[in-house]
Amino acid sequence: MNLETKWLEDFVTLANTRSFSAAARQRHVTQPAFSRRIRSLEHAIGVTLIDRSTTPVGITPEGQLFLVTARNLVEQLTESLGHLRGLSMANEAMDIVAAHSLALSFFPQWISRLQQGVGELPTRLVAMNVGEAIHVLREGNCDLMLAYYDPYASMQLDAEVFPSFSIGKVNMLPVSLPDAAGKPRFPLAGQESIPYLSYTQGAFLGRSVRMLLKNDPLRMRLRTVYETAMAEGLKGMVMQGVGMAWIPDFCIREELASGRLVRAGNQKWDVPLEIRLYRCSLVHKPGVETLWRQMMKLPRDFLHA
């Protein structure tokens, strides 16, 4: 008999959800691929586990018996692997992935603040775009993900599989270099064409800006002259006077305070976002779970930078 561990995990998930589509989402595979894996499990043990004639799907009597074994095996394996990984947790660094702008401008202040509440916390930080970061988290190749959250954006994560903490609020502001009078060189008010520094199509922050502009005539006046996925890249081009862009406020506090940058429009044009810390509940790592429990007990002052 040749059984794969992932088939047992698939079967337990299906037994919990009683839905092939819901179970496939939780297991991060397509529904056809998930169905093939359940079939492979049934062929390997030589019995039918799932009654596919009902909605929601049922578990056959043989399946009910095997479910007890499958759950025990999955739980024992998870516990054993967690123990092995946790043997040297005292000195093991936490792997964190973060959006580029958060890694550069937000993370240092936030992690310093958090360590006042939980003590020394060794970390390894990798900056990448949000789409890549989500993939890395789903694959279990990092411990935590620091990312923006927009309730109106299309790319969301299952809250049960990927629990999160809100650790900050941010506004994306439309900004420009000032003219000689201290007014925005490229104001949103008026009727003239505006040189626009844009996020690339797949960038998460770009989705949020596009939602703001979706039904507004202003978008017809924005003339894209430069694109990048990184907020810091747009900031650099704004500082060179190339055009205007939406930038997270924590990236440009000093420039706004000194007058080197000014708002290109009033608060009507701000894009509010949350910053959240995510983990994957399907990956059991003692150090991460311990940190999560500690964070749940901390006052908000320690969680927010």
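Colleague: Which residues touch the most other members of the largest nonpolar core?

Modeller: As a general idea, nonpolar side chains in soluble globular proteins tend to be buried together. A nonpolar core is here a set of buried Ala, Val, Leu, Ile, Met, Phe, Trp, Tyr and Cys residues joined through side-chain atoms within 4.5 Å, where buried means under 20% relative accessible area with a 1.4 Å probe, counting protein chains only. In this predicted model, the largest such core has 73 residues, of which Trp110, Leu146, Tyr148, Tyr199, Met244, Trp246 and Ile275 touch the most other members. Its largest share, eight residues, is supplied by helix α5 (residues 100-118), helices being DSSP runs of H or I with at least four residues and strands runs of E with at least two, numbered from the N terminus. Apart from this core lies another, of 20 residues, which includes Ala15, Ala23, Phe66 and Val74.

Modeller: On the conventions, residues are numbered from 1 along each chain as its sequence is written. Local features need pLDDT of at least 70 and side-chain atom pairs count only at pLDDT 80 or more, while totals for chains, interfaces and linings use all residues, and side-chain values use heavy atoms, with hydrogens and water left out.

Colleague: What does helix α2 pack against through its buried residues?

Modeller: The buried residues of α2 (residues 20-27) are Phe20, Ala22, Ala23, Ala24 and Arg27, and they pack against α1 (5-17), α3 (31-45) and β1 (50-51), a contact being heavy atoms within 4.5 Å. Just after α2, His28 takes a positive phi of about 60 degrees.

Colleague: How many bridges join strand β7 to strand β8?

Modeller: Two strands pair if DSSP finds at least two bridges between them; here six bridges join β7 (residues 194-199) to β8 (residues 222-228), and the two strands run parallel. The chain passes from β7 through helix α7 (residues 204-213) to β8 in a right-handed β-α-β crossover, meaning that, with the strands pointing away from the viewer, the path from the first strand over the helix to the second runs clockwise. Within this pair, Tyr196 has Thr224 of β8 as its bridge partner.

Conventions
Buried means under 20% relative accessible area, exposed over 50%, partly exposed in between (1.4 Å probe, protein chains only).
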